[in-house]
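Subject: Structure handover

Hello,

Here is the structure you asked for. Please open it beside this email and follow along.

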Amino acid sequence: DFRPVDLNSAVRDSLEITKSRWKDDAHLSSIHIEVQTELGDILPALGDASEIREVITSLGVYFPSSDASIYGIVLTTLFQDTPRVLLLSLLSVIIFVLLDFRSIRKSLLVLVSIVAGVFWLIGLMAATGQRFNFYNLIIIPTVMGISIDNAIHIMHRYQELGKGSLRQILSTTGVACLLSSLTNAAGFTGLLFTIHRGLYSIGLL
């Protein structure tokens, strides 16, 4: 089953995926490597990724293997499963929030903060040219799991104090939630000082 393949994107993706091998590993040995590409305006080609995973000869079928081919299979599977994982994560959060508050209105108010946080993250990535990769895909379910705690704490506090207490809540529980979030962010910030580009991208997000 052949599909259109953008060769320019294939070249860029190949360089990005393998950067940790040809650039970061070389950097550890004090070797500086820069790759320059000359990409042209060409039409997509028809291709099938599975064709390079097996070679049919008169002597039989051979399955050539390398780090690149295995990594490609893992990456393809990861991106295929990611929407399912994100959906299951979101459904799990929704179920637990509904069980906690037993109110659709209050649950929606709590869940809005999660959705807003995810959209902010994706928007900032688009604005700064960042892309998801094999490593930083875990950030979205992580953001969902961490941010939901703050929203739940604030909502419970609001239930205790009632209307007109929002300023007090933000100056007490809100500050505690902010410090908790900053502590979590500080832990990820340490990854910005790693040489590995995959771990660096996690810290950057």
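Which helix is isoleucine 148 found in? Isoleucine 148 sits in helix H4. Please keep in mind that this is a predicted model.

**Isoleucine 148**

Start with this residue. Isoleucine 148 has a relative accessibility of 7%. The cut-off for buried is under 20%, so isoleucine 148 counts as buried at 7%. Leaving aside residues up to four places away in sequence, isoleucine 148 touches Val93, Val97, Val110, Leu111 and Ile114. Now find glycine 117, which is 31 residues away from isoleucine 148 along the chain. The C-alpha atoms of these two residues are 10.0 Å apart.

**H3 against H4**

Next, look at the pair of helices. Two packed helices are described by the angle between their axes and the distance between the axes. Helix H3 covers residues 104–128. The axes of H3 and H4 come within 9 Å and cross at roughly 145°. The crossing of H3 and H4 is right-handed. On the H3 side, the residues in the contact include Val110, Leu111, Ile114, Val118 and Leu121. On the H4 side, they include Ile140, Val143, Met144, Ile148 and Ile152. By class, the contact of H3 with H4 has 14 nonpolar, 3 polar and 1 charged residues.

**H3 and its two ends**

H3 itself has 25 residues. From its first C-alpha to its last, H3 reaches 36 Å, close to the 36 Å expected at 1.5 Å a residue. Which residues of H3 are buried? They are Ser107, Val110, Leu111, Ile114, Val118, Leu121 and Met125.

Now check the backbone on either side. Arginine 102 lies in the loop between helix H2 (67–101) and H3. The phi of arginine 102 is near 55°, a positive value in a residue other than glycine. Is arginine 102 buried or exposed? Arginine 102 is exposed, with a relative accessible area of 71%. At the other end, glycine 129 follows H3. Glycine 129 also has a positive phi, near 80°.

**The salt bridge**

How many salt bridges does the structure hold? The structure holds 1. Arginine 157 forms a salt bridge with glutamate 160. Their closest N and O atoms are 3.2 Å apart. Arginine 157 and glutamate 160 are 3 residues apart in H4 (residues 139–161), so about one helical turn separates them. Arginine 157 counts as partly exposed, at 27% relative accessibility. Glutamate 160 is exposed, with a relative accessible area of 58%.

**Serine 201**

Serine 201 lies in helix H7, residues 197–204. Serine 201 is buried, with a relative accessible area of 8%. Not counting residues up to four places away in sequence, serine 201 touches Asn133 and Asn136.

**The whole protein**

Last, step back. The secondary structure comes to 7 helices and 4 strands. From the N terminus on, the elements run β-α-β-β-β-α-α-α-α-α-α. The protein has 205 residues, and buried residues make up 19% of them. Take the contacts between residues at least 6 apart in sequence: 61% of these join residues at least 24 apart.

Best wishes

Note on methods: Residues numbered from 1 in each chain as written. Predicted model: local features only at pLDDT ≥ 70, side-chain atom pairs only at ≥ 80, totals over all residues. Heavy atoms only, no water. Salt bridge = Lys/Arg side-chain N within 4 Å of Asp/Glu carboxyl O. Buried < 20%, exposed > 50% of the residue type's maximum accessible area, 1.4 Å probe, protein only. Contact = heavy atoms within 4.5 Å. Axes fitted to C-alpha atoms, helices over the stretch in contact; angles between N-to-C directions. Left-handed = near helix turned anticlockwise from the far one by under 90°. Nonpolar A, V, L, I, M, F, W, Y, C, P; charged D, E, K, R; others polar. Expected span 1.5 Å × (residues − 1).
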